[in-house]
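Here is a short report for a reader meeting this structure for the first time. Look the model over, then read on.

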Amino acid sequence: MSLSLTVVTHTNSRHPRDASACLASVQAALTERCRHVVIPLDTDLDGFIAARYAAMQLDEVVAFVDDDDTIAPDALRLCLAALEGNSLGVAFTDCMVQCTDGIARQGLACPTYNELLRYPAAMHHLVAVRSEYVTARSLALAQQHGCGIEWIMKAEAALTQGAVHIPYIGYYYVKHPQQEQLSGQAEVRQRFVKAVKPISAELKAWARFEGAIVDYPPDL
């Protein structure tokens, strides 16, 4: 049976953005097994954590696309193809980081499961997560440690079931100065490390793949 995928975009009325480029790029990437859901929010961090977790229940596979970011035309098709016929928890593409000062650089792909434990953004967009491998544990850990639940959910699915990397720039991420400051804070990273520690103790994916994240066949 073919998997289905829902792309979720949360918008924030407190910080409105022009989402036209995001909407157009997702529309261009949709396949017959994909849909795009835009969910408006007006909430604090706790509400956002709960909304992100609720969105993970919308489909067999879920991917988040922020309202000021864009994706490539083949990104969704490749993510679904990489998850077909296996029990892997995550498929993720390469991304291009576009800073507001005009500088763009390709983000580094997450090469090992160990890297995912040390750095919260190691497995970056586009990340398609098989929702059955995300449990209420992710919600509890994000609430307990006050860190981004999207990072925790990706880590839970990848560390317990395995992940596949797609060597294709599937996501174009706009990085704002405040995001640069936040992601670089040691305190933020430490909170994430503490949050994923209970998950990492299982090490199922490590045992299966000997620590390395596999690549999807390069003949895309």
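At roughly what angle do the axes of helix 6 and helix 8 cross? The angle is roughly 35°, and the axes come within 10 Å. The crossing is right-handed.

Helix 6 brings Trp151, Ile152, Ala155, Glu156, Leu159 and Thr160 to the contact. Helix 8 brings Val188, Phe192, Ala195, Val196, Ile199 and Ser200. Of the residues in this contact, 9 are nonpolar, 2 are polar and 1 is charged.

## The protein overall

This is a predicted model. The protein has 9 helices and 9 strands. It has 220 residues, and 50% of them are buried.

## The largest core

The largest nonpolar core holds 36 residues. Val90, Phe92, Met123, Ile152 and Ala163 have the most contacts inside it. Several elements give two or more residues each, including strand 5 (90-99), helix 5 (136-145), helix 6 (149-161) and helix 8 (186-200). Helix 6 gives the largest share of this core, 7 residues.

Take Met123. Beyond its neighbours within four places in sequence, Met123 is in contact with Val90, Phe92, Cys110, Leu116, Lys154, Ala158, Ala163 and Ile213.

## An enclosed helix

Why is helix 3 described as largely enclosed by the rest of the structure? Because 7 of its 9 residues, in the stretch 75-83, are buried. The buried residues of helix 3 are Ala75, Leu76, Leu78, Cys79, Leu80, Ala82 and Leu83.

Gly85 follows helix 3. The phi of Gly85 is positive, near 70°.

## A buried loop residue

Ala19 sits in the loop between strand 1 (5-12) and helix 1 (20-29). Is Ala19 buried or exposed? Ala19 counts as buried, because its relative accessibility is 15% and the cut-off for buried is under 20%.

Ala19 can also be placed against Thr70. The two are 51 residues apart in sequence, and 9.3 Å separates them in space, C-alpha to C-alpha.

Definitions and conventions:
Residues are numbered from 1 along each chain as its sequence is written. This is a predicted model: local features need pLDDT of at least 70, side-chain atom pairs count only at pLDDT 80 or more; totals for chains, interfaces and linings use all residues. Side-chain values use heavy atoms; hydrogens and water are left out. Helices (H or I, at least four residues) and strands (E, at least two) are DSSP runs, numbered from the N terminus. Buried means under 20% relative accessible area, exposed over 50%, partly exposed in between (1.4 Å probe, protein chains only). A nonpolar core is a set of buried Ala, Val, Leu, Ile, Met, Phe, Trp, Tyr and Cys residues joined through side-chain atoms within 4.5 Å. Contact means heavy atoms within 4.5 Å. Axes are lines fitted to C-alpha atoms, for helices over the stretch in contact, and angles run from 0 to 180 degrees between N-to-C directions. A crossing is left-handed if the near helix is turned anticlockwise from the far one by less than a right angle, and right-handed if clockwise. Ala, Val, Leu, Ile, Met, Phe, Trp, Tyr, Cys and Pro count as nonpolar, Asp, Glu, Lys and Arg as charged, and the others, Gly among them, as polar.
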